[in-house]
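Visitor: I am new to this model and would like to know what lies behind the words used for it. Could we take it step by step?

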Amino acid sequence: MVDEVPASNGQNADPNAPQFAPQAVYLKDVSFEAPTGPRVNPNTNPTINLNLNTAVNDIGGDMKEVVLTVRVEAQADDKTLWLVELQQAGAFGIRNVPQADMQRLLGIFCPNYLLPYARQVISDLLMKGGFPPFLLPPVNFDALFAQAAARAQGQQPDAPSATVN
């Protein structure tokens, strides 16, 4: 027997309707390094390197784990001032979502959902390390998803290739 979910108007909701529900947000792994401590020349204008990556793990049933990996490093004069690496993760219940929509949900919406949590952790770690807070800039996961899809399309053996003479 299928469990029926009551709709807010008193009628039964369609059990085959797409469903999405965040279940948990958690810090999976974190690392903070400040080789010289907060002793930084105040006139130093560091270079900030930011790398983002996402991964999806099937955790059983209708549950997916999305892991947003963020690596932020501040360098000045070829020396690392600080380095933060973290894996911000979330467990999401997803049911009856078409595969094309599932990829966009996992590759765009879920990382967008996790980014504010990662932003807060990075800011807190830097302040606790004696540095000014660093706020992750907004990230256009839609554009990153499109770039990754285009790269994947280009790596397929049957994909047409362009040549420039």
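Guide: A nonpolar core is a set of buried Ala, Val, Leu, Ile, Met, Phe, Trp, Tyr and Cys residues joined through side-chain atoms within 4.5 Å. The model here is predicted. In its largest nonpolar core there are 29 residues, and V70, W82, I122 and L136 touch the most other members.

Visitor: Which elements give two or more residues to this core?

Guide: They are β3 (63-76), β4 and α1 (99-128). The largest share, 11 residues, comes from α1.

Visitor: Which residues is V70 in contact with, leaving aside its neighbours within four places in sequence?

Guide: V70 is in contact with L50, N51, L52, V84, E85, L86, A118, I122 and L136.

Visitor: Why is Q88 called buried?

Guide: Buried means under 20% relative accessible area. Q88 has 3%, so Q88 is buried. Q88 is found in strand β4, residues 79-95.

Visitor: What makes the pair of Q88 and Y26 a polar contact?

Guide: The cut-off is 3.5 Å between N or O atoms. A polar atom of the Q88 side chain lies 3.1 Å from the backbone oxygen of Y26, within that cut-off.

Visitor: How do you know that N140 caps the N-terminal end of α2?

Guide: A side-chain oxygen of N140 lies 3.2 Å from the backbone nitrogen of D142. Helix α2 covers residues 141-155.

Visitor: What span is expected of α2 at 1.5 Å a residue?

Guide: The expected span is 21 Å, and α2, with 15 residues, reaches 21 Å from its first C-alpha to its last.

Methods: Residues are numbered from 1 along each chain as its sequence is written. This is a predicted model: local features need pLDDT of at least 70, side-chain atom pairs count only at pLDDT 80 or more; totals for chains, interfaces and linings use all residues. Side-chain values use heavy atoms; hydrogens and water are left out. Helices (H or I, at least four residues) and strands (E, at least two) are DSSP runs, numbered from the N terminus. Buried means under 20% relative accessible area, exposed over 50%, partly exposed in between (1.4 Å probe, protein chains only). A polar contact is a pair of N or O atoms within 3.5 Å; within protein, one must be able to donate a hydrogen and the other to accept it, and residues adjacent in sequence count only if both atoms are side-chain atoms. Contact means heavy atoms within 4.5 Å. The expected span of a helix is 1.5 Å times one less than its number of residues.
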